[in-house]
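Good morning, colleagues. Please look at the sequence and the structure on the screen while I take you through the helices, their packing and the charged pairs.

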Amino acid sequence: MKVSREQVALNRERIVETAARLFREKGYDGIGVADLMKSAGLTHGGFYGHFESKEDLLAEAAAHALKKSVDRWDGYLAEGRDTALEKIYNGYLNEQHRDHPELGCAVTALGPDVARLGPKARHALTAGARSQMAILEQLMPGEDAERQRKQALANYAAMVGAIVLARAVDDEALSREVLEAVKYTLPGSSSKS
């Protein structure tokens with residue numbers, strides 16, 4: 001039975017959305033193509049009609065997840081420059097993000113996996129991270145573009161590192177303390193008293 005172009009596009013979208021969630025939750029090696037397709041409600045046999053490889057799917061899924069994050073951050077910026085940083089920090093450096101990698105940042109969930117893969121996956125992650133950093137750069141204080149860029153890169157690295165460390169430690173109090181400490185040190189955070 002022939003599937004319409006519209007249905008093919010919807011199936012691909014469903015696969016990418018499912019993969020974005022499952023790769024972030026389980027890691028690249030934690031989910032196979034058959035289980036991923038089953039979770040998307042499709043058969044394993046249809047996978048290669050959409051993607052060349054599992055790595056090809058990871059690249060598209062990471063790009064998809066990061067685009068959603070960038071769109072959210074852009075929305076914060078559109079709502080007002082004076083509140084955007086606080087919304088980004090509060091949305092990123094929290095227990096919900098720490099405890100639900102499947103819904104969170106693809107960089108924190110997939111960074112180590114992607115670093116070991118080919119150029120397509122690495123490029124997708126790089127492009128998404130650059131877009132997030134560009135939003136932060138617009139929000140950094142001061143008139144010196146070079147300093148704003150450096151501060152944005154440092155803030156981004158601190159945020160990513162905080163989530164990675166908060167997820168890795170087995171001490172709940174330390175985990176929360178890491179998130180709060182990083183939030184406290186970031187320029188533009190109202191967590192400072």
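This is a predicted model: local features need pLDDT of at least 70, side-chain atom pairs count only at pLDDT 80 or more; totals for chains, interfaces and linings use all residues.

Of the 193 residues in the chain, 44% are buried, where buried means under 20% relative accessible area, exposed means over 50%, and partly exposed lies in between, with a 1.4 Å probe and protein chains only. Residues are numbered from 1 along each chain as its sequence is written, and side-chain values use heavy atoms, with hydrogens and water left out.

Let me begin with the overall layout. The chain has ten helices and zero strands; helices are DSSP runs of H or I with at least four residues, strands are runs of E with at least two, and both are numbered from the N terminus. The C-alpha trace spans about 65 × 40 × 30 Å along its principal axes. Contact here means heavy atoms within 4.5 Å. Among the contacts with a separation of 6 or more, 66% are between residues 24 or more positions apart.

I turn to helix H1, residues 5-26. Its 22 residues reach 31 Å from the first C-alpha to the last, close to the 32 Å expected at 1.5 Å a residue; the expected span is 1.5 Å times one less than the number of residues. Several residues of H1 are buried, including Asn11, Ile15, Phe23 and Arg24. What covers the buried residues of H1? The cover includes helix H2 (33-39), helix H3 (47-50), helix H4 (54-79) and H7. Just after H1, Gly27 takes a positive phi of about 85°.

Two packed helices are described by the angle between their axes and the distance between the axes. For H7 (residues 106-115) and H9 (residues 145-168), the angle is about 80° and the axes are 9 Å apart. The axes are lines fitted to C-alpha atoms, for helices over the stretch in contact, and angles run from 0 to 180 degrees between N-to-C directions. H7 is therefore roughly perpendicular to H9, given that angles of 65 to 115 degrees count as roughly perpendicular, under 35 as roughly parallel, over 145 as roughly antiparallel and the rest as oblique.

Which residues in H7 meet H9? They are Val107, Thr108 and Ala109, and their partners in H9 are Tyr156, Val160, Ile163, Val164 and Arg167.

Pro112 and Gly49 are 63 residues apart in sequence and 28 Å apart in space, C-alpha to C-alpha.

Next comes helix H8, residues 119-139, which holds Gln132. Is Gln132 buried or exposed? Gln132 counts as buried, because its relative accessibility is 0%. Beyond neighbours within four places in sequence, its contacts include Leu66, Trp73, Cys105, Val107 and Tyr156.

My last topic is charge pairing. Side chains of opposite charge can pair when their charged atoms come close. How many salt bridges does the structure hold? There are 13, each being a side-chain nitrogen of Lys or Arg within 4 Å of a carboxyl oxygen of Asp or Glu.

Glu79 and Lys87 form one of them, at 2.4 Å, N to O. Glu79 is exposed at 53% relative accessibility, and Lys87 is partly exposed at 31%.

Glu146 and Lys150 form another, at 3.2 Å, N to O. Both lie in H9, four residues apart, about one turn of the helix. Glu146 is exposed at 52%, and Lys150 is exposed at 54%.

Lys183 and Glu180 meet at 3.7 Å, N to O. Both are in helix H10 (residues 172-185), three residues apart, about one turn of the helix. Here Lys183 counts as buried at 8% relative accessibility, whereas Glu180 is partly exposed at 44%.

Finally, a network of salt bridges links Glu95, Arg98, Asp99, Glu172 and Arg176. Thank you for your attention.
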